[in-house]
Amino acid sequence: MKRPAGVTIIAVLTFFGAAILALGSVGFFSIAFMCITDGQAGEPVSAAIAGMGVAGGFSLLILAGVAACLALGVLELREWARIVSMTSIASGTGLTILSLFVFKGYMVIPVVPSIVCHLLVIATAVWMLVYLLRPRIKRAFGTLAA
């Protein structure tokens, strides 16, 4: 069976998410590098920030690798990738809804753009979930495994 176009779109969006995580990892590692090479590198606060930068960088790098593997699994129409994608999309949607209420008083980001971005993410996630639950798409993922 030919891969449906929506599956390719979902895989591309997942690769895009992996790229964002990898860029975030580079940012964390850059902060750690700046703290390590700073003239005050021996200070406890600099050491703590450097440690958090390294830990955050490695965490995001691992998540980027997992997201890239998941995107490859979706492209190859693996059933496990469909199930893991639906699970991660559902949990991400729940956390996005939660963040709408938790960060509503956050003053750095204006309220209207924040709500618009959150709603865009939620709408995309709901579309992805509904699409992956379609019977035709389930069959597409099941034909390769059989």
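A crossing is left-handed if the near helix is turned anticlockwise from the far one by less than a right angle, and right-handed if clockwise. Helices here are DSSP runs of H or I with at least four residues, numbered from the N terminus. The model is predicted, so local features need pLDDT of at least 70 and side-chain atom pairs 80 or more, while totals for chains, interfaces and linings use all residues. Residues count from 1 along each chain, and side-chain values use heavy atoms, without hydrogens or water.

**View A. Helices α1 and α2 meet in a left-handed crossing.**
The axes of α1 (residues 5-37) and α2 (residues 44-75), lines fitted to C-alpha atoms over the stretch in contact, come within 7 Å and cross at roughly 165 degrees. The two are therefore roughly antiparallel (an angle over 145 degrees, on a scale from 0 to 180 between N-to-C directions). Their contact comprises 28 nonpolar, eight polar and no charged residues; Asp, Glu, Lys and Arg count as charged, Ala, Val, Leu, Ile, Met, Phe, Trp, Tyr, Cys and Pro as nonpolar, and the others, Gly among them, as polar.

**View B. An aromatic pair joins F29 and F58.**
Look for ring centres 5.1 Å apart and planes at 80 degrees, an edge-to-face arrangement (centres within 6.5 Å, planes over 60 degrees apart). F29 lies in α1 and F58 in α2, so the pair ties together parts 29 residues apart in sequence.

**View C. Residues L13, G17, S88, I89 and M128 lie nearest the centre of the largest pocket.**
The lining has 26 residues, and α3 (79-102) gives the most, nine. By class, 18 are nonpolar, eight polar and none charged.

How values were computed: Parallel < 35°, antiparallel > 145°, perpendicular 65-115°, else oblique. 1 Å grid on protein atoms, 1.4 Å probe; cavity = no way out; pocket = protein on both sides within 12 Å on 5 of 7 lines; lining within 4 Å. Phe/Tyr/Trp six-rings, centres within 6.5 Å; stacked < 30°, edge-to-face > 60°.
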